[in-house]
2 protein chains.
Amino acid sequence: MVRVWRAWVFTLGTEVVSGRVVNTNAAYLGRRLTLLGFNVLGVVSLIDDVELISEFISYVLSSKPDLLVTTGGLGPTYDDVTLEALAKALRVGLRLNEEALRSIKEKYDVLKLPLTPERIKMAYMPEGSEVIPNDVGTAPGCMVRREETLIISLPGVPRELESMWESYVEPKLRELGVRRVFAERSFKVSGVPESSAAKVVKEVLRKYENVYIKTHPKGHEISAPILEIYVQVFNDDLSAAEETASKVLEELKKSLVSIGGVIT
Amino acid sequence: MVRVWRAWVFTLGTEVVSGRVVNTNAAYLGRRLTLLGFNVLGVVSLIDDVELISEFISYVLSSKPDLLVTTGGLGPTYDDVTLEALAKALRVGLRLNEEALRSIKEKYDVLKLPLTPERIKMAYMPEGSEVIPNDVGTAPGCMVRREETLIISLPGVPRELESMWESYVEPKLRELGVRRVFAERSFKVSGVPESSAAKVVKEVLRKYENVYIKTHPKGHEISAPILEIYVQVFNDDLSAAEETASKVLEELKKSLVSIGGVIT
C-alpha cells in the first residue's frame with residue numbers, strides 16, 4: 001500500500017483573488033509538490049483578512065494534512081497578515097524571532113537603512129517557528145509544526161518563493177521521506193468527442209488499479225474534437241509504474257483509434 | 001453606506017490543483033466579478049472528489065455569500081462531479097433536466113451521435129436548477145438558489161466559460177442590482193523600498209475612509225526597489241470616487257518623491 005502524503009496550498013493576497021494577477025505560484029507549487037510525491041488536495045486563495053485566513057487555515061488543519069504551504073503576506077505593509085492569521089489559527093503568540101531580525105537588519109544595513117517598525121514586523125513569527133532564509137528578497141519565510149502537519153510560509157514574489165523552495169524547502173521535504181510514486185504520460189487524439197472517449201476511459205480504468213486518467217478537451221466537442229489525455233499510474237515500484245503506464249497508453253490509443261481517433 | 005456583495009469562486013479540477021494548468025479562469029472571474037461590483041473573498045481549487053467539493057461548498061455557503069461561482073467538472077467523464085457535489089451540499093437530488101437534455105441532444109444530432117449515458121449525464125442537475133446555455137461547447141451550465149446565495153456552475157474550458165459569462169451570467173448578475181462602486185488607479189515608483197512605502201501608505205490611509213492601497217514589489221527591496229502601487233476608492237457616487245482617487249494618488253506620489261522615489 002502506497003502511503004498518501006496530503007498537502008494543501010494557500011496563495012494569499014487580494015490581488016490574486018480579484019484577478020489582478022494570474023496565480024502562477026499555485027501552478028508552480030502544485031506541480032513541484034506533485035512531483036515530490038504529495039497529493040495536493042486543494043489550493044485556497046483569500047483576500048488579506050486576518051479573520052478569514054485564520055478561519056480557513058483552522059478548517060483545513062482540522063483534516064490533519066501532512067503539509068500546508070502558504071505564499072504571500074509576509075512583507076512590511078499593513079495588509080501583510082499571513083503570520084498573524086497563522087498564529088491565530090494555531091492559537092499561539094506572534095513572537096519576535098531573533099534570527100529573522102538579524103537577517104533583516106543585515107540586509108538593510110547595506111544601505112544604512114534603520115530598523116523601522118515596518119521592517120521589524122517581518123521578524124514576527126508564530127511561536128515555535130523555524131526561519132526559512134530568503135536569499136533573494138528581505139522577508140524571511142517560516143516553518144512550524146502543528147501535530148501531524150508541517151506548515152511552511154513563503155513570500156508571494158515568485159522569484160523569492162522559487163529560490164526558497166529549491167534551496168531550502170524541497171531538501172527539507174525530501175528528508176520527511178516523501179517520494180514520487182507515480183509515472184505520468186500524455187498524448188493527444190483528434191476526431192473523438194470527449195463523451196465518446198469517456199466510455200473508453202471507463203473501460204480501461206475497470207481493468208487497472210491505481211490508475212488515474214483525465215481527458216482535457218482542447219478543440220470543439222462536435223465539430224473538431226481534440227483531446228489531451230493524461231495518464232498517471234501509482235506504484236511504489238517506479239519501474240512497474242512505468243510499465244503499466246505504457247500498457248495503459250497502448251490500450252487507450254488502440255481503443256480510440258478503433259472509434260475513429262487519430263493519435264497526434 | 002455601500003452595500004457589499006460577497007462572492008466566492010470555486011475552480012474545480014485535479015489538473016488545476018496539481019499545477020498542470022495555470023488557473024486563468026480564476027483571474028478572469030476574479031476580475032469580472034470585481035469590476036461588476038462584487039467583493040470576491042476567495043478562490044478555492046479542489047481535486048475532482050465529490051466528498052471534498054461538497055464539504056467545501058457547504059462550508060463556504062454557511063457564511064451566506066451573495067454569489068458562489070464554480071467552474072469545471074460539468075463534462076461527460078467519470079471525474080466530472082461538480083453537480084453531484086453541489087446537489088449533495090444543497091441536500092437536494094440530482095435530476096434529469098429536460099431543457100438541458102434537449103440542448104445536448106440537438107448538438108449530437110448534427111453528427112448523428114446517439115444519446116449515450118455519458119452524454120445524458122451532462123443533463124443531470126441539482127433539483128431546482130435553471131439551465132445556462134452553452135453556445136460554444138456541449139455541457140450546459142446551471143444556476144440554483146439556496147437562501148441568500150445564487151450559485152452558478154460553468155464549464156472549465158475557458159472559451160466556453162467566457163462566452164457563457166458574457167452572454168448570460170453578467171446580464172443576470174446586473175439584474176440583481178450589483179454595480180461597481182469604486183475607482184481604481186495604479187502607478188509605478190522606483191527607488192523606494194516597500195518597507196519605506198509602507199509608512200507612507202499607512203499615513204495616507206489614516207486620512208481617508210474607504211480607500212484601499214496595495215504595494216506590489218517588482219524589483220529588489222534593497223538593491224533596485226520598484227513598486228507598483230494600486231489604489232481603490234469606494235464610493236456609491238463614482239465621480240466622487242474618481243475625485244478622491246486623484247487626490248490620494250497625488251498625495252502618495254508627493255510623499256514618495258520626498259523620500260527619493262521616481263515616479264515612472
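This is a predicted model: local features need pLDDT of at least 70, side-chain atom pairs count only at pLDDT 80 or more; totals for chains, interfaces and linings use all residues.

Mentor: In chain A, helix α9 (residues 238-258) lies across β9, β10, β11 and β12. The angle at which α9(A) runs to β9(A) is about 15°.

Trainee: In what order do the four strands of the open sheet in chain A stand?

Mentor: The pairing in this sheet is antiparallel. Its edge strands are β10 and β12 (262-263) of chain A, each of which pairs on one side only. Nine bridges join β9(A) (residues 182-190) to β11(A), and seven join β10(A) to β11(A). The order in chain A is β10-β11-β9-β12.

Trainee: Which residue of β11(A) is the bridge partner of Tyr212(A)?

Mentor: Strands β10(A) and β11(A) (residues 226-234) run antiparallel. In β11(A), the partner of Tyr212(A) is Gln232(A).

Trainee: Is strand β10 of chain A largely enclosed or largely open?

Mentor: Helix α8 (residues 194-207) of chain A lies across β10 and β11 of chain A, at about 175° to β10(A). Five of the seven residues of β10(A) (residues 211-217) are buried, so this strand is largely enclosed by the rest of the structure.

Trainee: What kind of axis relates chain A to chain B, and which C-alpha of chain A is nearest to it?

Mentor: A rotation of 180° with 0.0 Å of shift along its axis superposes chain A on chain B, with an RMSD of 0.0 Å. This is therefore the relation of a two-fold axis. In chain A, the C-alpha nearest the axis lies 2.3 Å from it and belongs to Val44(A).

Methods:
Residues are numbered from 1 along each chain as its sequence is written. Chains are lettered from A and ligands numbered from 1 in the order in which they are written. A residue is buried if 20 or more other C-beta atoms lie within 10 Å of its own, exposed if 12 or fewer, and partly exposed in between; C-beta atoms are placed from the backbone. Helices (H or I, at least four residues) and strands (E, at least two) are DSSP runs, numbered from the N terminus. Two strands pair if DSSP finds at least two bridges between them. Copies are superposed by least squares on the C-alpha atoms of residues with pLDDT of at least 70 in both. Two residues are in contact if their C-beta atoms, placed from the backbone, lie within 7 Å. Axes are lines fitted to C-alpha atoms, for helices over the stretch in contact, and angles run from 0 to 180 degrees between N-to-C directions.
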